[in-house]
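Subject: Structure handover, with cavities and pockets

Hello,

My notes follow below it.

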Amino acid sequence: MLTTACDNDSFFELQRANQYPWTSVSELELAVREPYLRTMGSAWGSPVGALGLRGFAESDAAQYLNGITGDSYFREYYTRAWETTVLGNQKELELAFQYLYEISTATNAPLKLIQDAEDAGKDVFSNMSDMDRQTVKRYKGELLFMRAWCYFYLARTWAPPYDPNGDNSTKHFVLARTYVNGSSELKNGTLATVEEVYAAIVQDLKDAIECLPTSYVSDEADPRSRVNKYAAEAQLAKVYFYMGKHNLAEPLLTDVINSGMYDLKDAPIEAFNRISGEGVSNEVIWEIAINSTSTKFDRNPTIFSKCNYSANGGGRGKKWNMCAWTAFTLSYKILKQIGWMNDDLSEPVEATKDLRYQQTYIRLEGYQPNPYKSGTDEYYAFLNKYESRYPAITVPMVYQDKHFRAPTSGRRSNKPMLRLADLLLLRSIIRFNNGDKQGAAADLNVVRKRAGLADINASDITELAIENERIKEMTGEHGDRLFWLIGLRKDIGIGDRDAGQYTATKAPYSKYYWQIPELEKQNNTAYQ
């Protein structure tokens with residue numbers, strides 16, 4: 001989707017730029033594209049990458065490689081310093097905050113245009129055909145979806161999680177759902193409660209579902225880079241799960257799963273190893289797709305995954321690439337829990353059978369100097385087996401390795417935002433908690449089968465078995481470990497951190513949120 005319709009970002013630099021008011025359906029298309037573009041923000045300011053980094057590093061799934069440094073909040077995440085950290089720089093969180101509000105602004109203006117026409121009982125533009133009306137209806141659905149998405153991302157970082165059994169009246173950031181014309185209005189916002197924010201997110205997604213067709217935009221280079229009805233249902237289901245309203249999430253999950261449009265026939269890596277125009281894995285419901293000339297790619301994953309953005313194909317084999325500033329691996333606590341590392345740090349046979357372990361993670365043994373001549377087969381085989389950057393890393397590490405995997409242009413690899421395995425595992429745990437072990441096992445085994453693993457009998461299924469499958473499947477994507485634990489109201493454990501210095505973060509997580517960036521507090525009277 002990103003820049004697929006033209007070269008680089010030039011479709012925002014046409015003779016009539018994306019601006020309000022628009023005068024035709026084709027011009028309104030530009031307004032619909034802009035929020036998608038903003039999801040990638042800038043190289044180090046992508047909202048997607050910033051939440052991915054923060055969500056992984058703060059969780060019990062992360063292990064910090066002490067001594068590796070960089071210009072991000074990676075250390076503050078790992079030390080869980082959200083209450084005391086002042087966001088007074090222009091690092092990933094400040095930039096993500098900015099781009100998320102740009103998405104909100106980019107959706108509000110065209111939505112006002114559409115709503116004003118609807119209120120007046122008129123078409124948005126003159127001389128519209130029936131096809132034009134259906135197109136504008138779809139546009140409305142996409143804009144509503146993107147507005148809900150941006151506020152869900154804001155809420156996951158800058159407000160405490162929704163409490164299904166308690167008070168949601170605290171106020172943390174501005175909820176802007178109307179078109180603002182002028183800087184004075186922008187600088188005089190009104191803070192919204194947690195309840196109001198989530199009510200708005202839910203309503204926008206409900207409205208999006210009513211507007212969006214089940215089909216994709218077929219003339220896109222990557223049709224699934226633009227959302228359809230099932231993407232909106234999947235996103236609403238995830239919002240409900242996070243809110244603790246699992247009974248509302250399940251029927252939405254079922255509608256998407258039973259649609260017949262998605263399956264897990266492709267190998268696990270296939271959701272991560274393509275760029276726009278190279279096809280799409282059939283498990284993907286929505287993805288951010290980047291074409292071969294785009295400059296809109298996210299570098300934040302270099303901090304919490306194995307390779308640099310300069311890698312092609314994930315930098316494996318003779319194209320070996322290991323990022324110098326990768327600061328996080330999977331924690332030993334989690335690796336042992338899921339059966340991917342033994343107590344003596346050796347590699348379990350069971351782990352090597354898992355296609356996800358083979359394709360989307362990589363284990364490197366402790367540092368050894370490479371004894372082979374550069375460029376030889378033995379030299380590259382050694383690089384693919386042992387730590388080669390830092391002598392201080394003397395023990396085995398398992399790195400998350402889902403990013404920059406496209407062989408043609410790794411930095412432009414598509415980013416799956418919603419995929420079927422995610423939804424199956426959500427429905428599995430909901431079914432299990434409702435006493436439906438048969439249904440829970442059925443969903444779980446679809447995911448396990450794709451990974452090359454044997455079925456789990458319904459009589460043997462446990463909550464931990466589902467959780468472990470979730471970790472294997474979703475680690476490194478969109479702060480998923482935090483999403484899962486908060487959605488189930490479970491403790492956010494400390495992982496490998498020092499138990500003498502850290503304690504688990506417990507539900508209802510009332511103090512678990514980051515501070516508003518200083519620049520925003522200075523410029524918006526709502527925070528004064």
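Lining residues have an atom within 4 Å of a point. Grid points are joined across faces, edges and corners, and a volume is the space filled by probe spheres set on the points.

This is a predicted model: local features need pLDDT of at least 70, side-chain atom pairs count only at pLDDT 80 or more, and totals for chains, interfaces and linings use all residues. Residues are numbered from 1 along each chain as its sequence is written, and side-chain values use heavy atoms, with hydrogens and water left out.

Cavities

The count is 10 cavities of 30 Å³ or more. Helices here are DSSP runs of H or I, at least four residues, and strands are runs of E, at least two, numbered from the N terminus. Nonpolar covers Ala, Val, Leu, Ile, Met, Phe, Trp, Tyr, Cys and Pro; charged covers Asp, Glu, Lys and Arg; the others, Gly among them, are polar.

The largest cavity has a volume of about 220 Å³. It is lined by 19 residues, with Pro301, His403, Asn414, Lys415 and Pro416 nearest its centre. α2 gives the most to that lining, with three residues. The classes are six nonpolar, eight polar and five charged.

Pockets

The largest pocket has a volume of about 850 Å³. It has 30 lining residues, of which Tyr101, Thr105, Leu186, Glu520 and Asn524 lie nearest its centre. They divide into 13 nonpolar, 11 polar and six charged. α4 gives the most, with nine residues.

In α4, 20 of the 28 residues are buried, so the helix is largely enclosed by the rest of the structure. Buried means under 20% relative accessible area, exposed over 50%, and partly exposed in between (1.4 Å probe, protein chains only).

The second largest pocket holds about 280 Å³ of space. Its lining has 16 residues, including Gln134 and Arg138. α5 gives the most here, with five residues.

Two buried residues

Tyr357 lies in helix α12 (residues 355-360). It is buried, with a relative accessible area of 6%. Its side chain makes a polar contact with the side chain of Glu347 (2.6 Å). A polar contact is a pair of N or O atoms within 3.5 Å; within protein, one must be able to donate a hydrogen and the other to accept it, and residues adjacent in sequence count only if both atoms are side-chain atoms.

Glu220 sits in the loop between α7 (194-211) and α8. It is buried too, at 7%. Its side chain makes a polar contact with that of Arg33 (2.6 Å).

Best regards

How values were computed. 1 Å grid on protein atoms, 1.4 Å probe; cavity = no way out; pocket = protein on both sides within 12 Å on 5 of 7 lines; lining within 4 Å.
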